[in-house]
Amino acid sequence: MIFYVDGKKENSDQEISGLLKKCILHHAGEWSELVFLCIGSDRMTGDCLGPYIGQQLSRYKRQGIYVYGTLSHPVHALNLEKIHASIQQLHPCALIIAIDACLGEKKHLGYVTIGNGALYPGAGVRKKLPPVGDIHITGIVNIGGVLEQLTLQTTRLSTVISLADVIIQGILSLIPCENLKQTL
C-alpha cells in the first residue's frame, strides 16, 4: 500500500513520521542498521530532492544510521548500481529507505508518497534502473506525462525544498534518539 501525504498541509511532517514508523514496524526484527539511500542529481532542479535530503540528514550523526546520496556526492543513474551493491556489502542487515523525486498527476503536486517495497528510480523519465530499498519515499515535484526531462529541469526549486523540508522533519521526528530500534 502506498500512502499519500499533502506536503502543504499543517502537521504533514507528523503524518509522514507516523506512516514511516508504520512501514518500519512492518520490518520489525529483520534489521540492525538503517540506511537512507537518497537518489537524484544536483544538476537538475526537479531531481535534487534526494541529494538535498541526504545533505541535511547527514548533519545528524546517529549510531546505526547511514546516509548515501548528498549534494556533493549524489547517487544517480550512473552510479546507483555500484553504490547499491556497496551498501548491501557494507550493511548486510540494513533496512534501506530509498528517497527520490518523482513526477505525478496535477492533483498530487506537492505530495509525499510512502510505502513498503522497492523504489523504481528513473521510471518517470523512462530509465531502466534496478529497484532499490525496502521502503520508499517520494516527493512529487512536478506533473508528468510530456517531456519529462525538460519538466525536471524547469521544476521550481521552492517546490523541491518545501517537500524536502517536510520529509526531513518527518524523518527527524521519528529518530530523535541515539538508538532507533529502541524507540520503535
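How many of the residues of β6 are buried? 8 of its 9, so the strand is mostly covered, where buried means under 20% relative accessible area, exposed means over 50% and partly exposed is in between, with a 1.4 Å probe and protein chains only.

First, the ground rules. This is a predicted model, in which local features need pLDDT of at least 70 and side-chain atom pairs count only at pLDDT 80 or more, while totals for chains, interfaces and linings use all residues. Residues are numbered from 1 along each chain as its sequence is written, and side-chain values use heavy atoms, with hydrogens and water left out.

The protein has 6 helices and 6 strands; helices (H or I, at least four residues) and strands (E, at least two) are DSSP runs, numbered from the N terminus. Their order from the N terminus is β-α-β-α-β-α-β-β-β-α-α-α. The radius of gyration is 15 Å, close to the 16 Å that the globule rule gives for 184 residues, so the protein is as compact as a globular protein of that length. That radius is taken over C-alpha atoms, and the globule rule is 2.2 Å times the number of residues to the power 0.38. Along the principal axes, the C-alpha atoms fill a box of roughly 45 × 40 × 30 Å. Of the 184 residues, 51% are buried. Among contacts (heavy atoms within 4.5 Å) between residues at least 6 apart in sequence, 72% join residues at least 24 apart.

Now the sheet. The 6 strands form an open sheet with mixed pairing, in the order β1-β5-β6-β4-β2-β3; two strands pair if DSSP finds at least two bridges between them. At the edges are β1 and β3 (65-68), each pairing on one side only. On average, neighbouring strands are turned by 20° against each other, direction ignored. Axes here are lines fitted to C-alpha atoms, for helices over the stretch in contact, and angles run from 0 to 180 degrees between N-to-C directions.

Back to β6 and its partners. β4 and β6 run parallel and are joined by 8 bridges, with Gly104 opposite Ile143 of β6. The pairing of β5 with β6 is antiparallel, over 5 bridges, and Gly115 has His136 in β6 as its bridge partner. Further along, β2 and β4 pair in the parallel sense over 6 bridges, and Leu37 is partnered by Ala98 in β4.

Is Thr138 buried or exposed? At a relative accessible area of 7%, Thr138 is buried. The Thr138 side chain makes a polar contact with the side chain of Thr113, at 2.2 Å. A polar contact is a pair of N or O atoms within 3.5 Å; within protein, one must be able to donate a hydrogen and the other to accept it, and residues adjacent in sequence count only if both atoms are side-chain atoms. Leaving out residues up to four places away in sequence, Thr138 touches Asp100, Cys102, Tyr111, Val112, Thr113 and Leu119.

Next, the helices on the sheet. α1 lies across β1, β4, β5 and β6, at about 165° to β1. α2 touches β2, β3, β4 and β6, and its direction makes about 140° with that of β2. In α2, 8 of its 9 residues are buried, among them Tyr52 and Ile53. Those buried residues pack against β2, β3, β4, β6 and α5.

That leads to the core. A nonpolar core is a set of buried Ala, Val, Leu, Ile, Met, Phe, Trp, Tyr and Cys residues joined through side-chain atoms within 4.5 Å. The largest one has 39 residues, and those touching the most other members are Phe36, Ile53, Ile97, Val112, Ile137, Ile167 and Ile171. Elements giving two or more residues to this core include α1 (12-25), β4 (94-104), β6 (135-143) and α5 (157-174). Its largest share, 9 residues, comes from α5. A second, separate core of 13 residues includes Leu37, Val75, Ala94 and Leu119.

Last, a loop residue. Thr70 is in the loop between β3 and α3 (80-90), and at 11% relative accessibility Thr70 counts as buried. Beyond its neighbours within four places in sequence, Thr70 is in contact with Pro51, Gly54, Gln55 and Ser58.
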